[in-house]
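Please read the points alongside the model.

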Amino acid sequence: MALKRQKKKKPSFRKLLKTSNVKLENKLKNRQFKQQSTAKKQRKEQRKLRQAISDVSQKAPKPLEHYKTKPEDEEDEEFLESLPTDMMEEDDLEEIRAMAQKASFITRDLSSSAPVHAKKRKSDQPLEKYEKMPRKMQQSDEKELIHLLPIKDKSGLIPQSMEKPVVQKADEDEHDEEPEDQEEMEQEEQTESLLNLNPEEQLKLRSQKLMEKKLRIAALGSAILADPTCNIKKLKELRAMLMETDSCVAVTVRKLVMVSLMEIFKDIVPSYRIRPLTEAEKAVKVKKETKQLREFEEGLVSQYKFYLENLEQTIRDWKQKKQKGSQAVSLSCYKGLAEVAIRCMCELLVALPHFNFHNNITVVVVSFMNESVKKVSEMCCEAVRKLLKQDKLGQASLATVRVISGLVKSRNYKIKPAVLDTLLSLRIKEVEVKKDSEDLAPKQKFMNFKEKKKNLSRMQRKWKKAEEKLQKELLEVEALESKDKKIKLNTETLNIVFLIYFRILKKAQKSVLLPSVLEGLAKFAHLINLEFFDDLLSVLHSLVMSGDLSHKESLHCILTAFHILSGQGDVLNIDPLKFYTHLYKTLLVLHAGASNTDMTIVLKCLDVMLTKRRKQVTLHRALAFLKRLATLALHVMPDSCVGILAANRTLIHTFPKCDILLDNDMQGSGVYLPELDEPEYCNPQNTCLWELHTLKRHYHPMVKKYASHLLAGAPSEGSGALSIDLSRRAPSQLFEDYSVKDMTFNPPVMGPPSKKKEHFPIYNFCYLDSNLKGQIDAALSIEDQLESLDFAAHFAQK
């Protein structure tokens, strides 16, 4: 038997581990059960104790036995006679009499089985503790209003509500909470105390309170920025200051907290979007660092959401002109608070396009782009413009354009032109054209299962699978946006933009949005599908010929048409002679007044129509435009004059035979017809650029330099050539560089001489038509007229 006992096998380690786990589980279950049972007993005793106290306070005392009613004096006398007074002192007698008058033991409810003396060891005076606890009075159920959906009537919106009984909380909760009217009482006391102070003391008190709040904001902000992961809970404290109730400093403190939180979020927000964890991910045990990071991310997202809701609520209160019950902020201050809230929204829109709730911010900001308040509208438009300029991936641009499209459609095209002008900031240079080029350059794709089975062995398939998996993981880790995805986003964005433009062209041709639409079409015309070219050109031509457009709008139509024809439209066999004629006629309308701002569009049109389409332009057309531009240079401001002379220089270089206008000899038969609107039939070869001699004596130094350069034949080298810097600059760039919109000349212009010369008008010495007289009188200064007499006499002989 002893041998058999020795041969008995020892339990394996796995079996021991299994049994130990079972024991541990049983111990944990027993411990939990004991804790639950003890907690249950305690709750039961407390409930009975509270019930007993409430019964005592509410119910009338029930005496043990019924006695005949006797007068109080007789009762006291009988009680005193029954006492053994000979063995007591006077103090004891007084105490007994007091106890007899307060027979509180009679009020005890014997039906209740609550252990009255259970806590005698812990506290010697349990009754005093009960007496200090607040008692409930018999009250009717409090009613709470539930706000329902309003009803719309002819008079407006009618709010609806219904009553709901409020569930009363326990006594302990009511003891902890302050009464609701306490805040109002404190505010009334503060206002009364402020009214008692003189203005100097009020100002001093306000500055003192404001300094305390500023120090508190600075302390919380620096703590959060120093260690965001550990101090994320302080964001809640800082955000609670948005509800500042002190009417003395409420507005200023709320503004400071809004801006401070905005800067803090811009600093601590990570460079990725935080997604909510799934139930499976929450159940998995993780490291301490990972758990801390998850808590930080959850807290950051929740506080960011609450902050955005507070900003939106501030803006909504301003729009709806709501008066709060606390009245810490007056209605007149709502506008300032709302402007700060909108500015914070705009900053977050530009700074955090990758983070959560960006689409919600976009909806709010875009809706205020059409606001009647100019400051708010400009702020939102500028923010959207910055966002579209800096967006490299295209996702934020697509979301913004979608919201703008919905805004335009919902307002029935009655919006500000600045809303559509923001679309010009889109960074779209390449879109997805028809898939004809895919055959020439096919994309590299992963092999499917059938191809692998057909072409690869088993081992090769295994290696190929591992390689493809590695490639996909690398793409996810590096977060590289492929070119195809970007082009797809750009294509979808541009489709929505063209949808907006075509809707306005079709349904709202006489709206104020037409110049913005035409300018946008001119910028993105090279990306339009070739199928729409014919219809679009016919619409633009009908708009130009209708005569309902202003000069700026007609110039935009011309520029759009030639942008279309200069891109994919080269394959179309179209001669846009009517657009050339319209531009040639429009040039004489421009002058030195308000239309001077249209010169940028004119210079762009000349570049697209003449320089870039040099092969389709005849010599007569180029000569006619050259002569008319020289005539126009006499009527415009110096910046426009410099741009026109630079455009003439480009024309002379593009069409070398245009130098015949620098000679006095006639080229062929006919007479130059300056008032004819057809550039092909006005005989421009029979005139000369005599305007350059007038412009050579211009008061602006850059006009003088360009006029002398053109009179010398616009040489690229030699004494009459321009500097390299000037020769490389485009006409539109020169117009911007020498702009006079700030009422200053660049470079500075010398003043007139002190001695005045006698003035003899030119047309007393030579015969000129009325049009040329007006041109020369408008251009020449008083001191230059006598010097130009010789040239005028020579021109009259011709």
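1. Glu382 is partly exposed at 35% relative accessibility (buried is under 20% relative accessible area, exposed over 50%, partly exposed in between, with a 1.4 Å probe and protein chains only). Its side chain meets that of Arg385 in a salt bridge, 2.7 Å from N to O (a side-chain nitrogen of Lys or Arg within 4 Å of a carboxyl oxygen of Asp or Glu). Both residues lie in helix α15 (residues 374–390), three residues apart, about one turn of the helix; helices are DSSP runs of H or I with at least four residues, numbered from the N terminus.

2. This is a predicted model, in which local features need pLDDT of at least 70 and side-chain atom pairs count only at pLDDT 80 or more, while totals for chains, interfaces and linings use all residues. Residues are numbered from 1 along each chain as its sequence is written, and side-chain values use heavy atoms, leaving out hydrogens and water.

3. The structure holds 16 salt bridges. One of them joins the side chains of Glu492 and Arg402 at 2.4 Å, N to O. This pair links distant parts of the chain, with Glu492 in helix α20 (residues 483–507) and Arg402 in helix α16 (residues 395–410), 90 residues apart. Glu492 is partly exposed at 30% relative accessibility, and Arg402 is partly exposed at 45%.

4. Lys266 and Glu263 also meet in a salt bridge, at 3.9 Å, N to O. They are three residues apart in helix α10 (residues 250–268) and therefore separated by about one helical turn. Glu263, Lys266 and Glu347 are linked in a network of salt bridges.

Conventions. Helices (H or I, at least four residues) and strands (E, at least two) are DSSP runs, numbered from the N terminus.
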